[in-house]
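User: Can you walk me through this one? I'd like to go through the sheets and then the packing.

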Amino acid sequence: MVEGELKFNQEVTEPTEVLISVKWRDNEDTAETTAFITPDDTNKFVYIYGFNLIILKGEDHRSIDINRRFSITGTLGEIVGFEPSFLFDPGLVQVSVQANSPFMFRTGHALDFGPVLLDQGKFSIEGDLDEPTLVSIKIFEQPSFRRSVKYLPAILEPGVNYRVVPLGNNGEWRVQADREGLHTALISSWQTDPEYVALVDEWMDDRAENRDERKARLKYEKAFVTNYEVAEECDHVKLSSAMKLKFAGPTPTSNQAIGGQIVKKRSSAIREILRGTHDLELARMVFELGWMQFDDDEIDSVNDWDERLALLDELAEKLGQEFADETIAPIVEAVQHQIQLDSINKSLVPGMLAPDFTLPSINGDDVSLSEVLSENELVLVDFWASWCGPCIRSFPALKKMYSKNKAQGFEIVTISIDDRFEHWESASEELELPWIDLGDTKDRARDSILSPIADEYGVKWIPNKFLIDKNGCIVHKHFSDEDLEKMLLLL
């Protein structure tokens, strides 16, 4: 390199894919990326030392057929809300175009262009397509990720050019096509609706207004602590305000209320398009667009689950009863189950009674929680599975605490939620767990989406820990090994 730059000059007579490989001296790792070199074109790359990345700069042009070509461009530095300081660091803002894995249908085909680093605030991506394809245009920072990721929906078509432009006046963005087509009909139609734009501007304004944020949070926290409910049987559990506030959740804000209106309006518009679509392939794409918006959107709304169900109902109406029964009904059940788990998870907090249960050990002996509680002062209930790396990595620390505190009345009950009994059995024996290990595996109750006892505890992820006293009251949940060690000092 000379002054940080290295140039290669090589003529090509036709579009050629090449491998770019960089190895920094004294570094054994090699950074690699592929590029599409076309005649009369110049490709720029940036190598980010420390992160060992090679990334195209400014342009990713892979089109070889003008009849199939699409293009996406943008001058992000000119858009309100884009911080110009990011333009001077090649390790920051990047753009990529990806076709998401469809949630339910195979709409379009695999597509992945970029990422490209902005070059003086600009980017340009070109490629070829055979059919309309639903994509996310992802604008993000790597390797720092200090700026939140934006996902902009687009429906790409051969022969159409697209540009990232402002959505409203306060810093939100959208994708605009240069002619009428599926993108304008299915996305721009509701994104450019004046009422929708006004809501987005209001949402962006409200999000930027931080003067009363701390005051609102303090008011919410005070009300949460005051109204915190404890079961009558658990009056003895001493819960500090700090402990209660661990389960307060985010502050309800006007921004969430505006976000809810945006989600409802967008979802309603997409459902109306779906309702009026007679082409079943197009209907599938509209559904995938709606579902993708729920997954990718940065808007914080409490309406997502209800709107997802409404979208599923609309699809069921469109595609008929047989499809609804076979394909949509299980998804609706899964969504409703998720809503139920959310509710249980929020209500089952310290100061409430832990659900009792009876589960089998590997040798088939039934063990009840109430029985274990009657013989101990504190019991840790820990949900895990053989495939859960963080669960297994926590076991060595738990073994040390168990050995140190068992004589003082500390017991551990791990509950496997593996799919199959043999997976649990094999892992449990290999790990040589010294405490009570029980199974709540899926093949034990085939009529449940998840394990029944895990459902009763509102378990949405693992590891998931509950500390329960001898009276059956939850003392703490979702804590670290360090927190548990401190609590055990009180035994």
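User: In what order do the six strands of the open sheet run?

Analyst: This is a predicted model. The order is β3-β4-β8-β7-β10-β11, with mixed pairing.

User: Which strands stand at the edges?

Analyst: β3 (45–48) and β11 (150–156). Each has a single partner strand, so one side of each is left without a neighbour in the sheet.

User: By how much are neighbouring strands turned against each other there?

Analyst: The average is 35°, direction ignored.

User: How do β7 and β8 run, parallel or antiparallel?

Analyst: Antiparallel. Four bridges join β7 (residues 93–98) to β8 (residues 112–117).

User: And which residue is the bridge partner of Val97?

Analyst: Phe113, in β8.

User: Which helix lies across β10 and β11?

Analyst: That is α6, residues 280–296. The helix runs at about 15° to β10 (133–141).

User: Next sheet. What is the strand order in the open sheet of five?

Analyst: β5-β9-β6-β12-β13. Here the pairing is mixed. The edge strands, β5 (59–61) and β13 (172–177), each pair on one side only. From one strand to the next, the twist averages 20°.

User: How many bridges join β6 to β12?

Analyst: Three, and the two strands run parallel. β6 covers residues 69–75 and β12 covers residues 161–167. Ser71 stands opposite Asn161 of β12.

User: What does helix α1 touch on that sheet?

Analyst: α1 (residues 182–191) packs on the sheet and touches β12 and β13. Its direction makes about 145° with that of β13.

User: Take Phe357. What is it in contact with, leaving aside neighbours within four places in sequence?

Analyst: Phe357 is in contact with Val367, Ser368, Leu369, Val413, Ile415, Leu438, Ile453 and Tyr457.

Key: Residues are numbered from 1 along each chain as its sequence is written. This is a predicted model: local features need pLDDT of at least 70, side-chain atom pairs count only at pLDDT 80 or more; totals for chains, interfaces and linings use all residues. Side-chain values use heavy atoms; hydrogens and water are left out. Two strands pair if DSSP finds at least two bridges between them. Axes are lines fitted to C-alpha atoms, for helices over the stretch in contact, and angles run from 0 to 180 degrees between N-to-C directions. Contact means heavy atoms within 4.5 Å.
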